[in-house]
Amino acid sequence: MSTPDYTITPGAAVRLRVQDYVVRFFKSRRLWRTVLSLAGAFAFLALWDYASGNIWAVYILPSPIDVVNQMKQLVEDGTVWSAFWATLRKTLYGWGAAFVIGVPIGLLMGRYRYANAFFQDFVYILANVPLLVYAVISLVIFGVSDTGPAFVVLLLVLPAVAINTAAGVKSADEGLLSMSRSFNRTPLAVTKNVIFPAVTPFLLAAGRVSFADSWKLAALTETFGGSSGIGFELNTSFELYSVVDALAWMFFFVIFVILIERILLLPAERRIFSWRNPGEKLV
Amino acid sequence: MDPLEATQSNLPGIDPTTETEQDLKDFEAGVAERHPSKRRRYLGWLTSDEAARWTARLAALAIWAIAGAMFDRIPTPWATFSFIIDEAQRGELWGPIWVTLKRAIIGLSIVLVLGVILGFLMGRFWPIRYLTTDLVMAAIALPAFIWALLAVMWFGFSETAPIFVCVVSATPMLIVNTREGAAAVDHQLSKMSAAYKVSKIKEFRHLVLPTMSEYIFAGFRVAVLAGWGAILLVEWFGNGSGMGWRAQYWYDGLNFNGMLGWGVLMLIVIVGIDRLIMQPALNRTRRWRAREDQAWS
């Protein structure tokens, strides 16, 4: 009686390995995630394409292809870059001012109970103001100008900066603080070497959370009283009653927000946080 | 004398008398930390939290008054508030507020239903989550004012425009929070209720709902703020009624008191809603946590 031959030919080994790989590939969540997210986007575009022309007239809801063509044209013009830069510049001015004013306030709030109570109401109120009211304030004080958007971005961002600085101060290492007290370090040195390293990650978190909001507010204020920027372009398309233009700018807006978040803020945060928990994957 | 105590008091560099004084001071500071009422006795009412809050309010009013007196463009506080009183005497105050509130109630009810259903489905079933995550993220990145401009072009002067913009700009915020809540339901407990054949309704009532309600209300609070802002924007850009329209009306008349007056009113209404309705509701959803802590301690 001959024994059956259990040896595997090289061809069969390769086939088995490929089979194994394929099975694992199709079972992985990651693949489904990508496929489904693409499917969702395509389903949305297909619905939109069907709706324009069939349900609503083309001038009310232009097809995605029209919008993409319009976007291409705006990119070739160079309008996009100048508008993008104008809005970004105003937002950054507002952010700079918010850091200059908000960090000292946050340091006080983290250190003294009195300061905490003093600024509590301001922080609460400023965080609850509807964006339209900010735009109105900008119009009242500055009229049609570039200072207005920067000023209201400052007002919007200030609470986030102050609260996060205060949280950072409270998170500073008590042991290090009492050690610097017993070694008679100056308050300046303590602030520089103990408090600032504790505060930085919190400030970055504040930046990431409120960047999108501040960017929206800058554009909104430009719509009301601006002479350049994305909001100004949107207002122009509104006055010309051009839905294609408005939709094109809308998509540019989303792309900018996501690009800035993914390319600038997320890697920066990852780098600054990396010393804390090197093994842990950041969400 | 206790030998240990004797060694301690003879240690070089430590003066026992100053040590006790310092201890007393530390003790007083500790008492002050724990009991604000006793703190007042020590340091006076002027440094209490309440005094700090009132100082801040008065300082804000003073800064506003000085800015108003110095610059022509900035209205003074009394001009603004007397404008509001004038508006009330003209009978133009409550109408716009009520119109906007009505729109907000309709729009936010739709947001609540849609957001909770979609968020729950996204949290419970992963194919739906992956299908829609990117779309929801894009919807959050979209600002309300672009929706407002589009809605005015699409629907013109109608009731549809404000409610549409309220729904599209506030729902994504609620969806994201509800999704987190649905994902936060304790897996161990839901497995256990399956093992003990607890009915789905009972499981929903005692496990899913308490976990999710906290997330839902936290998200709804953000959604209320977003929806309120969105409705005001639509009213400003193209509508014949409501608070946003009224502010725009005074802007066309170049009456800065009127603009700022209505801005202040918008702020007062939303802060009132937040303080009187949203915060108590949110605290109510968190009650069971406190009870659970008590049960364990």
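Predicted model: local features only at pLDDT ≥ 70, side-chain atom pairs only at ≥ 80, totals over all residues.
On one side, Ala144(B), Trp147(B), Ala148(B), Ala151(B), Trp154(B) and Phe155(B) of H8(B) make contact with Thr160(B), Ala161(B), Phe164(B), Val165(B), Val168(B) and Ser169(B) of H9(B). Sorted by class, this contact holds ten nonpolar and two polar residues, with no charged ones. H8(B) covers residues 144-155 and H9(B) residues 160-183; their axes come within 9 Å and cross at roughly 145°. The crossing is right-handed.

Now let us turn to where the two chains meet. Chain A brings 50 residues to the contact and chain B brings 56 residues. Together they bury about 4,900 Å², and carbon and sulfur atoms give 75% of that area.

What about polar links across this interface? Six residue pairs are in polar contact, with both residues at pLDDT 80 or more. The rule also finds one salt bridge between chain A and chain B: Arg57(B) pairs with Asp121(A), and their closest N and O atoms are 2.6 Å apart.

On the chain A side, six helices each supply at least two residues that touch chain B: H2, H5, H6, H9, H10 and H11. Of these, H5(A) gives the largest share, eleven residues. The residue classes of this side are set out below.

| Class, side of chain A touching chain B | Residues |
|---|---|
| Nonpolar | 37 residues |
| Polar | eight residues |

Key:
Residues numbered from 1 in each chain as written. Chains lettered and ligands numbered in written order. Heavy atoms only, no water. Contact = heavy atoms within 4.5 Å. Buried area = accessible area lost by both parts, 1.4 Å probe. Salt bridge = Lys/Arg side-chain N within 4 Å of Asp/Glu carboxyl O. Polar contact = N/O pair within 3.5 Å; in protein donor to acceptor, adjacent residues only side chain to side chain. Helix = DSSP H or I, 4+ residues; strand = E, 2+ residues; numbered from the N terminus. Nonpolar A, V, L, I, M, F, W, Y, C, P; charged D, E, K, R; others polar. Axes fitted to C-alpha atoms, helices over the stretch in contact; angles between N-to-C directions. Left-handed = near helix turned anticlockwise from the far one by under 90°.
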